[in-house]
Each structure stands twice: as structure tokens, then as C-alpha cells.
Amino acid sequence: MWLILSLITALGFGVGQVIAKKGLSDLPRSVVYTINGLCFTFVWLAYLLINGGLEWNFWAFLISALPGVAYGYTLTAYLKAEVGKVATVGALSAVVSTLVARGLIGEELSYLQISFILMTIVGVMIVSWPGKKVKDFSWFKWGLGYALIYGVVNVMTKKGMALVNPVSYSLMDAWWVLLISIIWLYKEKSGKQLILSFSKTGGKILVGGLTIFNLGGMALFLALNTGMVGAVMGVMNLNVVIVIGLSGWWLKEKMSARQLLGAWIVVLGVVGLSLLG
């Protein structure tokens with residue numbers, strides 16, 4: 001069961017990221033962020049109504065604000081740069097999470113873990129090494145920021161979910177996301193665009209894609225509950241491959257043969273590191 005749920009997670013995350021990037025070509029970030037927040041809230045409220053189990057913890061509530069802030073950065077990164085390359089460099093978040101977790105817990109890294117960390121870094125270097133025709137290198141900056149932010153957020157999320165169950169933590173997260181959405185919509189004065197987006201084809205595709213994205217998130221939590229954490233995270237990180245494939249086919253983003261080789265090395269490194277985590 002954990003394998004099926006993990007594959008659903010990888011597919012949901014891969015499809016959702018590319019559709020979010022596509023949505024940003026037609027709609028403001030605040031609208032895309034809000035639509036994702038509404039889909040996220042709907043998915044977890046439905047889960048709560050079916051299964052129940054709402055819990056409360058003040059510290060978990062504070063920690064749950066972090067993913068919503070991080071997703072705001074994610075949309076900005078996707079707007080400014082190519083999603084395939086951002087996702088590839090962003091895969092370094094697994095390395096950051098490992099280092100942060102080991103720093104907090106005080107455990108030493110094994111030689112095999114160090115090997116996979118070095119493999120991931122080498123892969124990112126191959127992807128990021130400037131070619132002769134490279135004009136825009138901003139995707140590396142945004143991808144590195146993604147890795148650093150999510151590396152910390154992932155560790156803190158694990159701590160938050162140790163205090164309450166997944167549905168409670170997710171609904172706390174949803175509260176913060178909806179609060180950020182209201183503030184962001186007001187600041188950008190994009191409330192009318194949000195309402196109109198639901199009647200447009202692009203808006204409907206965005207809703208469908210982000211619902212798939214959030215169902216992937218739910219599948220991740222359910223998969224983690226099986227106890228196969230390393231295996232689940234390893235399979236989940238295959239979403240990078242899906243992002244690269246979809247962004248190349250649908251968004252016409254291009255990666256050279258060298259960058260594709262580097263991306264595969266990154267994926268192998270991250271999957272290996274996750275399996276050991």
C-alpha cells in the first residue's frame with residue numbers, strides 16, 4: 001500500500017507543480033495561491049468529515065504557518081524561472097533536511113549517506129554549470145532558495161506532526177494559508193480575478209491540477225503513517241522526473257543533454273539519501 005500511495009504522491013506533486021507554473025502565466029500569484037489554499041482546505045475538510053480525529057496543540061499551530069509561507073516563495077520562484085530547473089536544484093532540500101535533522105538530533109552521518117549527499121551536489125553542479133549560450137542563471141538562485149527553505153520546513157513539519165495527527169496539522173496549515181490568501185488578495189486587489197478565474201478554462205484546469213497536487217499531499221501523509229518513511233520519501237522524490245518531463249512537453253522548457261544527465265544524478269542521490277533517512 002505504501003508504494004501505491006508514494007507513487008500517487010510523486011504524480012500529484014509533479015503534475016501540480018507544472019500546472020501551478022502554467023497558471024502563473026495567466027493569473028497573479030495571489031490568485032494561484034488562493035486557489036491552491038481552497039483546494040487544500042477542501043481535501044482535508046473532506047478527510048476530517050469522513051474520519052474525524054481533530055486535535056489541538058499551540059506549538060503545532062505555530063509551526064504549521066511555515067508551509068504556507070514557503071509555498072508563497074515557491075510560486076514566486078516558478079514565476080521568475082523555469083520550473084524544471086528550479087525543481088532539480090530544489091531537490092537539494094533532502095540534503096538540507098538531512099543535515100538539519102542530524103544537527104538537531106546529534107547523530108553522525110554514515111559514509112553511504114555522505115556519498116549520496118555528494119552525488120546530489122555533483123548532479124546539481126552538472127545541471128547548473130553555465131553553458132556557452134546561457135543568458136539567464138536566475139533559476140539556480142531560486143532553486144537554491146527553495147532547497148534551503150524546504151529543507152528547514154520539512155524538518156519542522158515532522159516536528160509539528162509529532163504533536164498532532166496529520167489532518168489536524170494540515171487544517172492548522174490551511175488556516176494560515178487562507179489568512180495569507182486574504183491579505184495577499186487585498187494587497188494585489190485581485191479578488192475579482194479570483195472569482196472570474198473559476199469560469200475560465202485555464203482556471204478550471206488550475207483547480208483540477210491543484211486538487212491533484214493536494215491529493216498527492218494527503219497520500220504522502222497516509223503513506224508515512226505506514227512507517228516506511230525512508231522508502232516513501234525515496235519514491236516521492238521521483239516527482240522531479242515528472243516535473244522535468246511535463247515542463248519540457250507542455251511548457252516547452254528546454255534542458256540540455258548535460259543538464260538532463262545532472263538531473264538524473266540528482267534524483268538518484270536524493271532517492272538514495274531518502275531511503276537511508
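Me: Leaving aside neighbours within four places in sequence, which residues is L210 in contact with?

Reply: G16, A20, V32, I35, N36, C39 and Y71, where contact means heavy atoms within 4.5 Å. Bear in mind that this is a predicted model: local features need pLDDT of at least 70, side-chain atom pairs count only at pLDDT 80 or more, and totals for chains, interfaces and linings use all residues. Residues are numbered from 1 along each chain as its sequence is written, and side-chain values use heavy atoms, with hydrogens and water left out.

Me: What makes up the largest nonpolar core, and which residues have the most contacts inside it?

Reply: That core has 60 residues, and V32, I35, Y71, L75, V86, L206 and L210 have the most contacts inside it. To be a nonpolar core, a set must be made of buried Ala, Val, Leu, Ile, Met, Phe, Trp, Tyr and Cys residues joined through side-chain atoms within 4.5 Å. Another core lies apart from it, with nine residues, among them F40, W44, L48 and A174.

Me: How do you know whether T76 is buried or exposed?

Reply: Check its relative accessible area: buried is under 20%, exposed is over 50%, and partly exposed is in between (1.4 Å probe, protein chains only). T76 has 12%, so it counts as buried. You'll find T76 in helix α4, residues 65-80; helices here are DSSP runs (H or I, at least four residues), as strands are (E, at least two), numbered from the N terminus. Past its sequence neighbours within four places, T76 is in contact with R29 and W142.

Me: And why does T157 get its label, buried or exposed?

Reply: T157 has a relative accessible area of 14%, so it's buried. It sits in helix α8 (residues 138-161) and touches I63, P67 and Y169, not counting residues up to four places away in sequence.

Me: What makes M236 buried or exposed, and what does M236 touch?

Reply: With a relative accessible area of 9%, M236 is buried. M236 belongs to helix α12 (residues 229-236) and touches S6, T9, A10, F13 and L220, again not counting residues up to four places away in sequence. L11 is 225 residues from M236 along the chain, yet their C-alpha atoms are separated by 8.4 Å. L11 itself lies in helix α1 (residues 2-23) and, at 47% relative accessibility, counts as partly exposed.

Me: What about α13: which of its residues are buried?

Reply: N239, V240, V243, I244 and S247. They cover an arc of only 140° around the axis, which puts them on the same side of α13.

Me: How many aromatic pairs does a search of the whole structure find, and why does the pair of F58 and W59 get its label?

Reply: The search finds 13. Rings of Phe, Tyr and Trp (its six-membered ring) pair if their centres lie within 6.5 Å; planes under 30 degrees apart are stacked, over 60 edge-to-face, and the rest tilted. F58 and W59 have centres 5.4 Å apart and planes at 70°, so that pair is edge-to-face. F58 is partly exposed at 46% relative accessibility, while W59 is exposed at 57%. Elsewhere, ring pairs link F13, Y33, Y71, W184 and F213 into a cluster.

Me: Why is the charged end of K189 said to sit over the ring of Y186?

Reply: The rule asks for NZ of Lys or CZ of Arg within 6 Å of the ring centre and within 35 degrees of the ring normal. The charged end of K189 is 5.8 Å from the centre of the Y186 ring and sits over it. K189 is in the loop between α9 (166-188) and α10 (191-197), and its 70% relative accessible area makes it exposed.

Note on methods
The arc is that of the directions from the helix axis to the C-beta atoms.
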